[in-house]
Amino acid sequence: MSSHIVTPGPYRATKLWNEVTKLFRAGMPLKKHRQHFRVYMSCFTASAAVDWLHELLKNNSNFGPEVTRQQTTQLLKKFLKNHVIEDVKGRWGMEDLEDNSQLYRFPSTSPLKPIPNRGPVLRKKSISMLDRESFFKFRGSKKFDKEILENVDPEAQESPTGSSSGETECCRELTEDDVQVIWKNVTLTHLQKLVGSGSLEDVLDPAQVNPQFIVYNMTKVNKHGVVSLEDKTDDLPHWVLSAMKCLANWPKYDSNQPSYPGFERDVFKTVSDYFYSLSQPLLTYQYYELFVNILGLLQPSLERVAIEALQLCTLLLPPASRRKLQLLLRMISRMSQNVDMPRLHDVIGTRTLLVQTFSRCVLSCEEVDDLDELLATRLLSFLMDHHQEVLQVPVYLRNAVEDHISYLKSLTTYPGSGVAIPTYSFCRQISTQEFEEQKLSVSQTALADLLESLIKDKSMSVKERKKKLKMFQKEYPDIYSRRFPTTESEAQLFADKPKIKPPMLLSIKKAKTFSIRN
């Protein structure tokens, strides 16, 4: 059964639920079954549903091959609870489905979840420096274009007090707050280019992004690229760090630690219990929608884009959360590749167990989401395989910020005032009618200036000027008639020219007069 990629945007988890539901209803084979001396038409067993849906999820690029049979069973339980399916007696609403021969069928009603009608969100923009999202305009290349002011009331620009739509900043020195704003805007600009402008605006409120986190995560790192916390109270407890090192370096662990059969399982449970006890997932509830949308980029052809997008997204995290994420991924990545690691579960393999155990500790929604576990599994699997690239400090971002700061510092400096920040005006949105009126006014003003330049151009001969004015009159009669409302005013342009006799004629006349007298 073919599927399409659910593109980034708001309510992506709901759209994925509807996508899976439609594929399941359209593709699940329905047969005739006998049970308890009765025949049921167009139904299926729970085990057959698990088989079919498991293959669908593993081959669906929105979820990936890490999906387990157990997770597929959990999804079918949610299908039963949400009336996507029902048993052959019409019962639903409970999650009592098991991987067995119990019979189920599809109800006649549509099981799709409604997509909330999300109207435009109007965010009030503060006039303070930190809240102006477009204070510094960053360009994709290293060339920074000058600001082009459009749709700004000239009176508002010239007014010394300014207004909410045209207020400007005075020249002043570049402060630490300004540098943090540059870090934030450059980071979000790069992220916007990767995921698309519309997608980012729908899932991320720039006002909630803390620029101090970005600067800290970029600059306060050790030689391995792991965030170093100045406040140790936010760090992992010593006993958790010790347990994680033990598992990451197995079997080369501290000889002072106890060793007994099943010791590694107890250590693993200690670590997992700690991460489950955290008040929030490591990627935070705030950025759930953002990371769910990044999942849309986890395609083979977009792998590089996905890595860069995750690099930038994880920079937005609180430093303590980013450090915990880095250490957790380093540990589980080493464990999954360690052939000497004893089995931590009697049935489930080490990698599958790690993904199942920590997926919800990394990504989960504050409100109950039926696809939480599958989406978190997909993301954690990708992070495990690319954690060194994802969680390294992006050098290109630091270079972009430094280039932009250098550009600002290279601007005109006033004596005794330090570096001057350029004056920026902020546009206000205008109506279509106003835009058309302004467009007409600007174009007519430009044409009127062109006409004046033709009139005053002394480098042209009278004949050439008349010719060009006739052409202008033919193309733009309205503008020409406003400049020359009457024929007299037009004739006056060439009427005041004094007639001077050629000097050769004067010399000839003088010569003739002299000859007669002689």
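**Exercise 1. Packing of helix 3**

Find which elements the buried residues of helix 3 pack against in this predicted model.

Solution. Begin with the residues themselves: Gln 71, Thr 72, Thr 73, Leu 75, Leu 76, Lys 77, Lys 78, Phe 79 and Leu 80 are buried in helix 3. Next, list their partners. Among the helices these are helix 1 (12–27), helix 2 (46–58), helix 13 (350–362) and helix 14 (372–390). Strand 3 (86–87) and strand 4 (103–105) are partners as well.

**Exercise 2. Length of helix 3**

Solution. After the helix comes His 83, with a positive phi near 65°.

**Exercise 3. An aromatic pair**

Describe the geometry of the pair formed by Phe 268 and Phe 358, and state whether each residue is buried or exposed.

Solution. The structure holds 14 aromatic pairs. In the pair of Phe 268 and Phe 358, the centres are 5.8 Å apart and the planes make an angle of 85°. Planes over 60 degrees apart count as edge-to-face, so this pair is edge-to-face. The pair links distant parts of the chain: Phe 268 belongs to helix 9 (residues 263–276) and Phe 358 to helix 13, 90 residues apart. For burial, the cut-off is under 20% relative accessible area. Phe 268 has 7%, so Phe 268 is buried; Phe 358 has 0%, so Phe 358 is buried too.

**Exercise 4. Surroundings of Trp 17**

Which residues form one aromatic cluster with Trp 17, and which charged end sits over its ring?

Solution. The cluster consists of Trp 17, Phe 24, Phe 44, Trp 52, Phe 79 and Phe 106. Phe 79 is also one of the buried residues of helix 3. The charge over the ring of Trp 17 is that of Lys 113, at 4.2 Å from the ring centre.

**Exercise 5. Partners of strand 2**

Work out how strand 2 pairs with strand 1 and with strand 4.

Solution. Take strand 1 (residues 31–35) and strand 2 (residues 38–45): they run antiparallel and are joined by four bridges. Lys 31 has Cys 43 as its bridge partner in strand 2. Two residues lie between the strands of this hairpin, where His 36 takes a positive phi near 55°. Now take strand 4: strand 2 pairs with strand 4 over two bridges, also in the antiparallel sense. Here the bridge partner of Phe 44 is Tyr 104. Phe 44 is also a member of the aromatic cluster with Trp 17.

Definitions and conventions:
Residues are numbered from 1 along each chain as its sequence is written. This is a predicted model: local features need pLDDT of at least 70, side-chain atom pairs count only at pLDDT 80 or more; totals for chains, interfaces and linings use all residues. Side-chain values use heavy atoms; hydrogens and water are left out. Buried means under 20% relative accessible area, exposed over 50%, partly exposed in between (1.4 Å probe, protein chains only). Contact means heavy atoms within 4.5 Å. Rings of Phe, Tyr and Trp (its six-membered ring) pair if their centres lie within 6.5 Å; planes under 30 degrees apart count as stacked, over 60 as edge-to-face and the rest as tilted. A charge sits over a ring if NZ of Lys or CZ of Arg is within 6 Å of the ring centre and within 35 degrees of the ring normal. Two strands pair if DSSP finds at least two bridges between them.
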